[in-house]
Amino acid sequence: MDYLWFLIAGAVGGILGGMGMGGGTLLIPILTFFLDVTQKNAQAFNLISFVPMAIIALILHAKNKLIALKGMLPLIISAVISSLLGGFAVSFIEGDLQTKLFGGFLVLLAIVKFILTVKNKSSKPANE
């Protein structure tokens, strides 16, 4: 029965990840809060599951001509370097602190998104 919950968590993360929304934003909390997976293992599961999702999403977006190649190389280089640094740094951080940092990041992200949404709605003309 536990495998069913892991399948559901993977499906939710896969759907959101395939749409480019960051499936790990939900996958990691689902794994840690509901399935009692440690923070480090949840992050590892997320990274492993990201690879096939990214490949499939890349193929579909390329097929639909939705990929802009301009500026891609600096983005790739900076992403690879920061991923290596982040992966190295996280090996020195305890799981409980990782959980708190990730939770804080999600709260901060929600606050910023809320502020930007309110700001954008207030700057639109009334007839829209």
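User: How do the residues of the lining of the largest pocket divide into nonpolar, polar and charged?

Analyst: This is a predicted model. In it, the largest pocket is lined by 32 residues. Gly counts as polar in this division. On that basis the lining of the largest pocket divides into 16 nonpolar, 15 polar and one charged.

User: Which helix gives the most to the lining of the largest pocket?

Analyst: The largest pocket has a volume of about 1100 Å³. At least two lining residues come from each of α2 (24-34), α3 (39-63), α4 (72-90) and α5 (95-123). The residues nearest the centre of this pocket are Gly-24, Asn-46, Leu-47, Phe-50 and Ser-83. With 13 residues, the helix that gives the most is α3.

User: What is the volume of the second largest pocket?

Analyst: The second largest pocket is lined by Met-72, Leu-75, Ile-76, Ala-79, Val-80 and Ser-83. Its lining divides into five nonpolar, one polar and no charged residues. The volume of the second largest pocket is about 190 Å³.

User: Are α2 and α3 roughly parallel, roughly antiparallel, roughly perpendicular or oblique?

Analyst: The axes of α2 and α3 are 9 Å apart, and the angle between these helices is about 140°. Roughly antiparallel would need an angle over 145 degrees, and roughly perpendicular one of 65 to 115. The helix α2 is therefore, relative to α3, oblique.

User: In which hand does α2 pass α3, right-handed or left-handed?

Analyst: On the α2 side, the contact holds Gly-24, Leu-27, Ile-28, Leu-31 and Thr-32. These meet Gln-39, Ala-42, Gln-43, Phe-45, Asn-46 and Ser-49 in α3. The residues of this contact divide into five nonpolar, six polar and no charged. The crossing of α2 past α3 is right-handed.

User: How are α3 and α5 set to each other?

Analyst: The helices α3 and α5 pack with their axes 8 Å apart, at an angle of about 60°. Roughly parallel would need an angle under 35 degrees, and roughly perpendicular starts at 65. The two helices α3 and α5 are therefore oblique.

User: How many residues of the contact of α3 with α5 are charged?

Analyst: From α3, the contact takes Gln-39, Lys-40 and Gln-43. From α5, it takes Gly-95, Gln-98, Thr-99 and Phe-102. Lys counts as charged. Beside one nonpolar and five polar residues, the number of charged residues in the contact of α3 with α5 is one.

Definitions and conventions
Residues are numbered from 1 along each chain as its sequence is written. This is a predicted model: local features need pLDDT of at least 70, side-chain atom pairs count only at pLDDT 80 or more; totals for chains, interfaces and linings use all residues. Side-chain values use heavy atoms; hydrogens and water are left out. On a 1 Å grid over the protein atoms alone, a cavity is a set of points where a 1.4 Å probe fits but cannot get out, and a pocket is an open set with protein on both sides within 12 Å along at least five of seven lines; lining residues have an atom within 4 Å of a point. Grid points are joined across faces, edges and corners, and a volume is the space filled by probe spheres set on the points. Helices (H or I, at least four residues) and strands (E, at least two) are DSSP runs, numbered from the N terminus. Axes are lines fitted to C-alpha atoms, for helices over the stretch in contact, and angles run from 0 to 180 degrees between N-to-C directions. A crossing is left-handed if the near helix is turned anticlockwise from the far one by less than a right angle, and right-handed if clockwise. Contact means heavy atoms within 4.5 Å.
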